[in-house]
Amino acid sequence: MVDVAKLYRKLLKLYPASFRQEYEGAMTRQFRDEQRDAKGWKENVGLWLHALSDIAVSAPRELVRELSQDSRFAVRVYRRRPLSAVIAIGTLALAVGASTGVFSVTSALLLRRLPFGDASRLVELSDSPFSAGNGRAGFAEWRSHNSYLESAATFSISEMNLNSGRDALRVRVTETSANLFSLLGVQAHLGRTFVQEEDRPGKNHVIVISHRLWQQAYGGNPFVIGSAAHLDGAALTIIGVAPPRFDYPGNVDVWSPTVFDFEVIPKHGAFIWQTIGRLRPGITMRQARQEFETDVARVNPKSLRPDSSSIPQLVGLRDQLSSQIRTSVLILFSVVLLVLMTALANVAQLLLSRTAERHQEFALRSALGASRSRLLQQLTVEATALTLSGAALGMIFAWLVARAAGTVMPAQLATQEYTLLDWHVLCFAIALALITGFTFGIMPTWLMGRIQPSTQIGRMNSVTSEPATGRLRSALVSLQVAFTLTLLVSSFTLGSAFLRLVHTDLGFEPANAVTLKVSLEGSRYQTGSAKWQYYSAVKERLQSIPGVNAVGAVNYLPLSNNVLMAGAIQVESGPKVPGVVLNGSMPGYFRAVGSGLIAGRDFGLDLTKSPEPPVIVNEAFARGSGFGPNIIGRRIIAPWTPRPYLVAGVVTTARMAGPEYEGGPQAYWPVEEEPPSALTFVASVSGDPRHYLAQCRDAVIGLDRNVPVYEAKTLDQSLNETMERPRFYTTSVLFLAALAFVIAVAGVYSTSSRAITQREHELGVRIALGASVQQIRTLILREGTVPVAFGILAGVAGAAGCGVFLQHLFVGIHISGVMAFVVPSLFLLLIAIGTAWAATTRVLVIDPIEAIRAEH
Amino acid sequence: MTSSTRGVDELLPLSLPVFHMLLSLTEGERHGYALKREILQRTDKRINLGSGALYGAINKMLEQGLIVESDERPDPHLDDERRRYYRITPLGRRVVHAEVARLRSLVELAEVRLGVPDPV
């Protein structure tokens, strides 16, 4: 038979240590008494129920009472040495704050759900052969017969001109199958979204607009529903407004169900079709992938070959959306964890030495009958009080970090506007604080081992001989130094890579340039000559603004995230130059953008009508052709026309995508020849280009209000946007490394200074026996430097390993040469030695007589 | 913190179990289980203190200085096991009297407002 009283006694473990120690015996005895008095099974069951409910109510109450007592005691303990407590809390606040802030971004990007209905079952079929390209019937046929998707939608994104009676706007439009909204589980904010058959020709002259567009262009007017709007000249009816912040698949303002009927909105150029789907219930991602591959193999087996340029894949929508920055965010998170661990090492140091200092107190309390669990509880509460206060303070810091990090989130996700600090993040911070508290609260006690009251009480100098804690403290210093060095090397590497980027020659001059775009889609300028007239008028207007020095225009401006089309171009009696970007420019462009003409000349106004129209190539092209600047006067054959072009000039190579990426070969043809439907104008100005923005914009809008003038900004602004990401990573890693550095230096200082305090007796004896103060200081310094040296060795290894990951942050990062290691290592070593030496000044005040006497 | 100088009023009102316990202890020393049984009997089994509640209250009263531990000895009515006995302190007595006075004034106030109820 089970001894039920024993069971009851086990349950009493739920009470806090002190209470249990005091009343466990009495309570167990009373339970036995009651058991003896209970008659029959009914009374026994009643007794148990009563006992259980009693424990359920009173155990938490006693726990709270005892914990608050312990906390009050902890505060008193910390008040005795406020400085080290303040340092520990401050360190923790910074570290917990930084890691929580970065965690909030990580969790927003990688862990949380998308704001769509049952988002975990949404997938993207990247590079899939199943898209609008198969036509409405073909897509519907595949959709209804595939085995893994419940439903699928296909769409294509492009920029268009929106005219709705006011000034024309340039908007991002998603032409989609009618089921996009229902697939994502998104309801209209106003009006309705598309119905099933609305993507049929004849029924599809409708659009849904974004909440943002509704507010900005229509002033939130509810009567917008049913009104007409023109997209690139096509008349369509607004039937709904999307919910606030919904802009899937990214920064979209208009949705139209015209993906199978491209004639509705006339367009030219290339489209990219995308397909997303919702998995059938009960099917796993792995099964879906397998069936998808079978499906693709049936339709287009070639695309699955490993050498294929784009292999069709089925990926979770969230993974797809976060994939670009996933690695970067994880790297940043790891960096922050390093700082956190450096800080925790400091806190551990503090708690360890505190435990060592209070060895006597604990031995005494233990002799007076305090149980081991009682002391353990006390230490844990003290540690947790420290870490929780650190975490609470850290939340303020976390908020700042999250806000800073939030501003550089990729547009795709940032526009979904996640709340960055929510209960996930709060739980993270609290868990972090509690785990640290428990770990470092319990570890010292565990290290204290089995305190033997009888032997410890007599020994007044118990702290000098604590080899276990001493070794652990040295190990902690080594760890701190290793982490810090890893961070220092990383920031050194990132910083120098960033400086290289800043000083990269872009091939053009971003200062003093204003840029703006115009698009003639759907406007009254449709013939070549009408377009050319309009563009010439724009140029004239800009040129007439006082302070404008040069004006030109180009198809693809550097730093503006264009999707560039490249092809091979044959040079007469020379090689075929591959990967050439075909760009068009208006005379004056190169001067306006500050691209130097290396040889030849810019387009004149008279050249275009000659039988051999001129073309300007860049240096990369000239080099690729093998002729260099001598390419002037040679003919090249473009893929789109048999008519040869005559190379009239060579310009510097522009880094189109910013300093991170090398510029490729380009050929500029005169846009006058066949004016495109959109151009970017560049005006170089005297003085601050920002002052010219409004004027330039107004001058162009004044020409024709039905032509949208958009993205008016300075070229410097575009450069800044391009550099935002590298700048953010560099600044964060630098900042975190500096933080870790300060923390580690504080750690080294306090370790050395504690080593002296705790060995005062021994040092006193040494001095009394004739050791000079300098000798003592050197001894302490040597002992303090050993763990630092070990830390530096480990740090060098760690940093070498980290370099591989850092390269994912931005282009141009490589740990180059020994300097990247030597400089930070020496720096850290010198600072550590200096700090330890400064700490040893305490030796100067040791009075040997006092020190020896104090111990006896 | 267990000072008898502490204001009696700060400790009022007493919870019902504490009031009963102090009341029992004014009649002499008791151990925990005896207190429990006495209160059970007095209140017609309406207040049945579990061990946790009982010793929680005792712990608190000890801290507040309302009672003190007297000694450990066997209960002659139960068995030979040694039990911890508790004794009320002068402060405890003052507090229990003050609580009685507080209750009395409440009852008087109610009687004035509602009229003296008929004896049932």
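Helices (H or I, at least four residues) and strands (E, at least two) are DSSP runs, numbered from the N terminus. The model is predicted: local features need pLDDT of at least 70, side-chain atom pairs count only at pLDDT 80 or more, and totals for chains, interfaces and linings use all residues. Residues are numbered from 1 along each chain as its sequence is written, and chains are lettered from A in the order in which they are written.

Just after α7(A), Gly219(A) has a positive phi of about 60°. Within α7 (residues 211-218) of chain A, the residues Leu213(A), Trp214(A) and Ala217(A) are buried (20 or more other C-beta atoms within 10 Å of their own, placed from the backbone). These residues lie on the same side of α7(A), because they cover an arc of only 105° around the axis, taken from the directions from the helix axis to the C-beta atoms. An α-helix has 3.6 residues a turn, so residues three or four places apart point the same way.

The contact between the chains takes 18 residues from chain A and 13 residues from chain B. On the chain A side, α2 (17-37) and α3 (40-80) each give two or more residues.

In chain B, Glu27(B) sits in the loop between α1 (16-26) and β1 (30-31). Glu27(B) is exposed (12 or fewer such atoms), because 9 other C-beta atoms lie within 10 Å. The C-alpha atoms of Glu27(B) and Arg87(B) are separated by 9.6 Å, although the two are 60 residues apart along the chain.

Key. Contact = placed C-beta atoms within 7 Å.
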